Amino acid sequence: MASAAAIGRCSLGLSISSKLSPSGNGRRIAAKGNDADVQEDFMKRRAALLSGLSLISSAALGFPKLGLAVTQGLLAGRIPGLSEPDENGWRTYQRPDEKSGGHGVGWSPIIPYAFDVPEGWEEVPVSIADLGGTEIDLRFANSKQGRISVIVAPVLRFSDLEGDATIEKIGTPGKVINAFGPEVIGENVEGKVLSSDVKQYEGRTYYQFELEPPHVLITASAAGNRLYLFNVTANGLQWKKHYKDLKRISDSFRIV
């Protein structure tokens, strides 16, 4: 594979050594103006080149081992999907049709989903190094209330199903939470499920679970060739103070 420097030269049409080395282009520019102008021009060129190389090495090459900030937000070109707040300060997020996902080659377009959040919740970048990897499609957070994650996983990874998947075809609530709960909390869920419920909205079934510890509300459903896990998590203090809002967020999840 070509080095980042080589790609930088090919893509930008520039020589890194001549642009960044004081003995290269920096010296040649010095003959054309005063020191202040030269320094300003040199720094602008250097910043632009480094920015271009950073995007090339992270987005095009994808080198997480080099310590670069590689996120689905950068790779996918995150598009805000939040509505304006209603009279109570709540907003609806709907996954934009144009938003890509870090789900690998061969994936069909993701059927959108939506949920409600109070004022103050914002989308945060998703790292491909996160627990759950590229199957984490979205994260939201509010430092005072908690966190949201949406896992969109291929059904075929868990069950040999053909056609349009439903959560009922994947399994019973007990089977689903035992199989997929660890995808959310990173450990076995045995003894942690406080409650489970089954709801239907517009002909689609949703399994809802409350776990402790950790404090997490999970809503599971399926559509197309994917399983959706909508997860609302909080620490003890957030859970105690904001449980009502967290439960409303969890209950609002819909595949649209």
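Predicted model: local features only at pLDDT ≥ 70, side-chain atom pairs only at ≥ 80, totals over all residues.
Local features require pLDDT of at least 70 and side-chain atom pairs count only at pLDDT 80 or more, whereas totals for chains, interfaces and linings use all residues. Residues are numbered from 1 along each chain as its sequence is written, and side-chain values use heavy atoms, with hydrogens and water left out.

Helix α8 spans residues 236-251 and has a kink of about 85 degrees centred on His242; the bend at a residue is the angle between axes fitted to the seven residues ending there and the seven starting there. Helices (H or I, at least four residues) and strands (E, at least two) are DSSP runs numbered from the N terminus. At the start of α8, a side-chain oxygen of Asn235 comes to within 3.2 Å of the backbone nitrogen of Leu237. The buried residues of the helix are Gln238, Trp239, His242, Leu246, Ile249 and Ser250, where buried denotes under 20% relative accessible area, exposed over 50% and partly exposed in between (1.4 Å probe, protein chains only).

The whole structure contains 11 aromatic pairs. Rings of Phe, Tyr and Trp (its six-membered ring) pair if their centres lie within 6.5 Å; planes under 30 degrees apart count as stacked, over 60 as edge-to-face and the rest as tilted. Tyr113 and Phe253 form a tilted pair, 5.9 Å centre to centre with 40 degrees between the planes. Because Tyr113 lies in strand β2 (residues 113-118) and Phe253 in the loop between α8 and β10 (254-255), this pair ties together parts that are 140 residues apart in sequence. An edge-to-face pair is formed by Tyr206 and Phe253, at 6.4 Å centre to centre and 85 degrees between the planes. Tyr206 belongs to strand β7 (residues 204-211), so its pairing with Phe253 ties together parts that are 47 residues apart in sequence. Tyr206 is buried, with a relative accessible area of 1%, and Phe253 is buried, also with a relative accessible area of 1%. Ring pairs link Tyr93, Tyr113, Phe115, Phe140, Tyr201, Tyr206, Tyr228, Phe230 and Phe253 into a cluster.

Charged side chains also sit over rings, a term applied if NZ of Lys or CZ of Arg is within 6 Å of the ring centre and within 35 degrees of the ring normal. The charged end of Arg254 lies over the ring of Tyr201, 3.4 Å from its centre, and Arg248 lies over the face of Trp90, at 3.8 Å from the ring centre.

A nonpolar core is a set of buried Ala, Val, Leu, Ile, Met, Phe, Trp, Tyr and Cys residues joined through side-chain atoms within 4.5 Å. In the largest such core, of 24 residues, Tyr113, Phe115, Ile148 and Ile249 touch the most other members. Elements giving two or more residues to this core include β1 (90-94), β2, β4 (136-142) and α8, and the largest share, 4 residues, comes from β9. A second, separate core of 23 residues includes Val184, Val189, Tyr207 and Val216.

Ser221 is located in strand β8 and counts as buried at 0% relative accessibility. A polar atom of the Ser221 side chain lies 2.8 Å from the backbone oxygen of Thr205. Beyond neighbours within four places in sequence, Ser221 is in contact (heavy atoms within 4.5 Å) with residues including Ile167, Tyr206, Tyr228 and Ile255.

Technical notes: Polar contact = N/O pair within 3.5 Å; in protein donor to acceptor, adjacent residues only side chain to side chain.
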